[in-house]
Amino acid sequence: MHVTTTSRPALALYLHIPFCTAKCGYCDFNSYAGLDHLVPEYTPALVRELELWAPAAREFEVRTVFFGGGTPSLSSLDDLATIAEAVRANYTVADDTEWSLEANPGELTLEHLQGMRALGINRLSIGVQSLHDDELKMLDRIHTADRAIEAIEAARTAGFDNLNIDLIFGLIDQPLARWQQTLERALALRPEHLSCYALTVEPGTALYYQVAKGILQAPDGDIVADQYDWTRERLAAAGYHQYEISNWALPGRECRHNLVYWRADPYLGIGAGAHSFFAGQRFANVDAPNKYVELVNATAEERRTTGRATMQQIKGGEHPDEATLRSDAMILGLRLIEGVDAVEFASRFGCTVEDVFGPAVAKHIGYGLLEWADGRLRLTERGLLLSNEVFIDLLPDRETEPAPTEA
Ligand code: SF4
C-alpha cells in the first residue's frame with residue numbers, strides 16, 4: 001500500500017540477505033559463501049517474516065527500506081521483486097521512501113542495475129573499499145579498481161542518482177598517499193555519499209588470525225589517525241558534510257535509514273541475524289540462515305493453525321535491559337556529529353545523562369574528547385578520532401545507578 005507521508009510514526013525496514021560469492025578475510029558480518037542452495041527457501045522465509053510482523057507494524061509508515069548483507073545485489077531480480085512486493089503488500093509505505101541496496105561491484109551488470117532501479121530501489125551503497133588492485137586482493141575482494149569504476153558508471157547509466165561509495169582506510173602497510181589516491185579517484189566519481197571506515201581487525205576473522213600469528217602487522221595507529229584527519233579536511237573542502245564518525249554526504253543526501261539506527265528510532269530487521277529496535281525492545285534473529293528458515297516456517301505454521309505466532313522463536317538470545325538501552329542510546333547517538341540531545345535522553349529514560357554517565361562524561365570532557373553544545377553532548381574533533389576510548393566508559397557495566405525519580 002502506497003501513501004504520501006502522513007503523521008503515522010515512521011518505521012525503517014532492514015532486510016538481510018546473507019549470501020556472498022566469497023568470504024572476505026576481514027569480514028565479521030553474518031554472511032556466508034557456499035550457501036547458494038539455501039536461496040530458494042530463504043526468499044519465501046523473508047516474505048513470511050514480513051507477513052508475521054505486519055500486524056504489529058500496522059500503525060507505522062515505512063519510510064526507509066534497506067537491503068543489506070551479505071551481498072543483496074547477488075539476488076535475482078525475481079527474488080528482489082518478490083521481497084519488494086511483500087513489503088508493499090503488507091506495510092504502509094510512503095511514496096518518498098528511501099529504498100537502499102548494498103551492491104558488490106564485482107557482479108554488477110547494467111541489466112541487473114536497470115532491473116533493480118525499475119523495482120523502485122533508489123539508492124545504492126557500493127562496496128568499493130579501495131581503488132588499488134593489490135589492496136583489494138589483500139582484502140579478498142573479488143573486483144578490481146577498474147571494475148568498481150565501471151560498476152559506478154553503469155549505476156549512473158541505469159538511473160541511480162543517489163550513490164554511496166564504501167571505502168576502507170587504515171589498511172595494513174597503507175601509507176597516507178595510497179589512501180589519498182583512492183579517495184581522490186572516488187571523489188572524481190562525485191558520489192552523493194561516502195562511508196570511510198578504518199579497518200578493524202575483528203576477532204574470529206581470517207585477518208585476525210593472520211595478525212595474531214604475526215603473518216600480517218596490525219595497522220599503524222598514527223598513520224590511521226593522519227589518514228582520518230586528512231579525510232575530514234579533504235571531504236569538507238569537496239563539499240561533503242560529515243554527519244557521523246565515518247559518514248559524509250552532499251547536502252540532503254545523508255542515509256536516512258542509517259540515521260534511524262543512530263537516533264534510536266524504531267526499525268524492524270527481517271532475515272537471519274537481523275537486529276530490531278521495536279516497541280521499546282532490542283532483539284535479534286538467529287544468525288544461522290538454515291535455522292532462521294526453519295524457525296520462520298514453524299512460526300508461520302503456528303500462525304496458520306492457531307491464529308497466534310510466537311515471534312520469540314525466531315529471535316536469538318539478546319534481551320537487553322534498561323542499562324544496555326541507555327548505553328546503546330549514548331554510544332549510537334555520539335557517533336553522530338550532532339551528538340545526544342540531553343532533553344530527549346531524559347524524557348526517554350527518566351534520568352539525565354549526568355545521573356547515569358556523570359563520571360565518564362566529566363572525565364572525557366576533561367580529556368577534551370567530549371563537549372556540551374546547545375544542550376547536546378557530542379564528541380570533539382579529537383574525540384571523533386578517539387571515540388572508542390569514550391565508548392568503553394559508556395558501556396552498561398560502567399554506569400552509575402540513576403537516583404530514583406520522584407513520583
Ligand atoms: S562481500 Fe561484504 S558481506 Fe560479503 S564477505 Fe565480503 S565484506 Fe563480508
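## Domains and model

The protein is divided into domain 1 (2-262) and domain 2 (338-398); these bounds come from an automatic or database domain assignment. The centres of the two domains, taken over C-alpha atoms, are separated by 28 Å.

This is a predicted model, in which local features need pLDDT of at least 70 and side-chain atom pairs count only at pLDDT 80 or more, while totals for chains, interfaces and linings use all residues. Residue numbers start from 1 along each chain as its sequence is written.

## The ligand shell

Around the ligand are Cys20, Lys23, Cys24, Cys27, Phe29, Ser31, Gly69, Gly70, Thr71, Asn104 and Gly127. A residue is near a molecule or strand if its C-beta atom, placed from the backbone, lies within 6 Å of it. The shell divides into four nonpolar, six polar and one charged residue. Here Ala, Val, Leu, Ile, Met, Phe, Trp, Tyr, Cys and Pro count as nonpolar, Asp, Glu, Lys and Arg as charged, and the others, Gly among them, as polar.

Gly69 and Gly70 are joined by a cis peptide bond, with omega about 10 degrees. Gly70 lies in the loop between β5 (61-69) and α2. Helices (H or I, at least four residues) and strands (E, at least two) are DSSP runs, numbered from the N terminus.

## Helices α1 and α2

Helix α1 (residues 39-53) packs against helix α2 (residues 77-90) at an angle of about 10 degrees, and their axes are 10 Å apart. Axes are lines fitted to C-alpha atoms, for helices over the stretch in contact, and angles run from 0 to 180 degrees between N-to-C directions. The angle therefore makes α1 roughly parallel to α2; angles under 35 degrees count as roughly parallel, over 145 as roughly antiparallel, 65 to 115 as roughly perpendicular and the rest as oblique.

On α1 the contact is made by Thr43, Leu46, Val47, Leu50 and Glu51, and on α2 by Asp79, Thr82, Ile83, Ala86, Val87 and Asn90. Two residues are in contact if their C-beta atoms, placed from the backbone, lie within 7 Å. By class, this contact has six nonpolar, three polar and two charged residues.

## The sheet with β15, β16 and β17

Three strands form an open antiparallel sheet in the order β15-β17-β16, where two strands pair if DSSP finds at least two bridges between them. The edge strands, each pairing on one side only, are β15 (340-341) and β16 (370-373). Helix α13 (residues 353-366) packs on the sheet and touches β15, β16 and β17.
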